[in-house]
Amino acid sequence: MVVAMDKRSNVNGDPGAGDQKKKGEGFDPSAQPPFKIGDIRAAIPKHCWVKSPLRSMSYVVRDICAVAALAVAAVYFNSWFLWPLYWAAQGTLFWAIFVLGHDCGHGSFSDIPLLNSVVGHILHSFILVPYHGWRISHRTHHQNHGHVENDESWVPLPERVYKNLPHSTRMLRYTVPLPMLAYPLYLCYRSPGKEGSHFNPYSSLFAPSERKLIATSTTCWSIMFVTLIALSFIFGPLSVLKVYGVPYIIFVMWLDAVTYLHHHGHDEKLPWYRGKEWSYLRGGLTTIDRDYGIFNNIHHDIGTHVIHHLFPQIPHYHLVDATKAAKHVLGRYYREPQTSGAIPIHLVESLVASIKKDHYVSDTGDIVFYETDPDLYVYASDKSKIN
């Protein structure tokens, strides 16, 4: 087992990481698990694998009706007292719509590929996400979760890439809330150190056989974008901004925050892997479940994420049952989420603390942990005190 430094004393130079063994009472999160993925699969009840197109569509109808009702009510009352409430609620529902399209992309929506594709395109195009472009890169994320070089979502930057970033870019990437607005840029440019666009059929993200799919999704995205421009000419840009634009920004913040917290911000430092140390199981076990309070049901239990990452074909409405059944197999490798109140305020602290400290990983070593840029950490700490 190759590690950048001795993780049991001082992990990659991070003083706080050296305490992880003490906090975990001797448990090493990077150790080979004593079970196989088949053991987890066998513990999950058979009904959890059943996909119901009717049940899945019922959530689509529920969310679309809620989105339409909110928009109609907001336009009807047109009150600056109510607009902020509308923005928060509608942005959250846009995020819920994304999660349903996400199920389509995994095939957990139904066993009917055409239905998954049609519904996925409708839902994701409405919130300006290129369905196939996202679906394929997200598949790459699941197939390589926890791998420093090959993962696709919120991948840690190797030190050499991080140190070559302009100082201004580091500030933008690691100063809250700016990283929570990154998703549209990611769709266009991916992450530092990676090239390609989710809109370009000839991007390195995609195989030649997938180019027609990407062109289809980019066309659907373009139709929605042109529709918004046309509505701006008809009703005025301010009206479109109030009804659609601000909720879209709230949706992006939900997406960036939730996907980040799935893989970052746990009290115990969690490993990232390279080379022979990486496996599908070990990478998936670094995923974190989160409790979002009243939002759990609204955004379709996406916080129940460990089992989803290992078995993305399980529908969202079975994830809670599947997790309960599998926890005895996972043991210490399952990290029980902190119980939330109605509003998951506690997660804001986890998010901010992680972004301030988790900056890059070592260029060498097959098991690595996040390290902190002391200069950037001091800047972020001073800025938070001023705010």
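C188 is partly exposed in this predicted model, with a relative accessible area of 32%. C188 takes part in no disulfide, and the nearest cysteine sulfur, that of C220, lies 17 Å away. C220 is likewise partly exposed, at a relative accessible area of 24%. The closest cysteine sulfur to that of C220 belongs to C104 and is 13 Å away, which is too far for a bond. A disulfide would need two cysteine sulfur atoms within 2.5 Å. A search of the whole structure finds 0 disulfides.

The structure holds 27 aromatic pairs. One of them joins F27 and Y333, with 4.9 Å from centre to centre and 85° between the planes, an edge-to-face arrangement. F27 is in the loop between α1 (20-23) and α2 (37-43), while Y333 is in the loop between α15 (319-330) and α16 (346-357), so this pair ties together parts that are 306 residues apart in sequence. Both partners are buried: F27 has a relative accessible area of 14%, and Y333 has 7%.

W49 and F311 form a further pair, with ring centres 5.4 Å apart and planes at 80°; it counts as edge-to-face because planes over 60 degrees apart are classed that way. This pair also links distant parts of the chain, 262 residues apart: W49 is in the loop between α2 and α3 (53-77), and F311 is in the loop between α14 (306-310) and α15. Here the two partners fall into separate accessibility classes. W49 counts as partly exposed at 23% relative accessibility, whereas F311 is buried at 1%.

One aromatic cluster is formed by F94, W95, F98, F126, Y131, W134, Y183, Y186, Y244, Y248 and F251. A ring can also meet a charge: the charged end of R170 sits over the ring of Y162, at 4.7 Å from the ring centre.

The next topic is empty space. Rolling a probe the size of a water molecule over the atoms shows where such space is left. The second largest pocket has a volume of about 750 Å³. Its lining is made up of 31 residues, and those nearest the pocket centre are W154, A182, Y183, Y186 and S191. Y183 and Y186 are also members of the aromatic cluster. Two or more residues of the lining come from each of α4 (83-106), α6 (131-143), α8 (167-173), α9 (183-189) and α11 (237-261). By class, the lining of the second largest pocket divides into 16 nonpolar, 11 polar and 4 charged residues.

The largest cavity has a volume of about 110 Å³. Of the 13 residues that line the largest cavity, W154, R173, Y174, Y260 and D358 lie nearest its centre. The lining of the largest cavity has 9 nonpolar, 2 polar and 2 charged residues.

Methods: Residues are numbered from 1 along each chain as its sequence is written. This is a predicted model: local features need pLDDT of at least 70, side-chain atom pairs count only at pLDDT 80 or more; totals for chains, interfaces and linings use all residues. Side-chain values use heavy atoms; hydrogens and water are left out. Rings of Phe, Tyr and Trp (its six-membered ring) pair if their centres lie within 6.5 Å; planes under 30 degrees apart count as stacked, over 60 as edge-to-face and the rest as tilted. Helices (H or I, at least four residues) and strands (E, at least two) are DSSP runs, numbered from the N terminus. Buried means under 20% relative accessible area, exposed over 50%, partly exposed in between (1.4 Å probe, protein chains only). A charge sits over a ring if NZ of Lys or CZ of Arg is within 6 Å of the ring centre and within 35 degrees of the ring normal. On a 1 Å grid over the protein atoms alone, a cavity is a set of points where a 1.4 Å probe fits but cannot get out, and a pocket is an open set with protein on both sides within 12 Å along at least five of seven lines; lining residues have an atom within 4 Å of a point. Grid points are joined across faces, edges and corners, and a volume is the space filled by probe spheres set on the points. Ala, Val, Leu, Ile, Met, Phe, Trp, Tyr, Cys and Pro count as nonpolar, Asp, Glu, Lys and Arg as charged, and the others, Gly among them, as polar.
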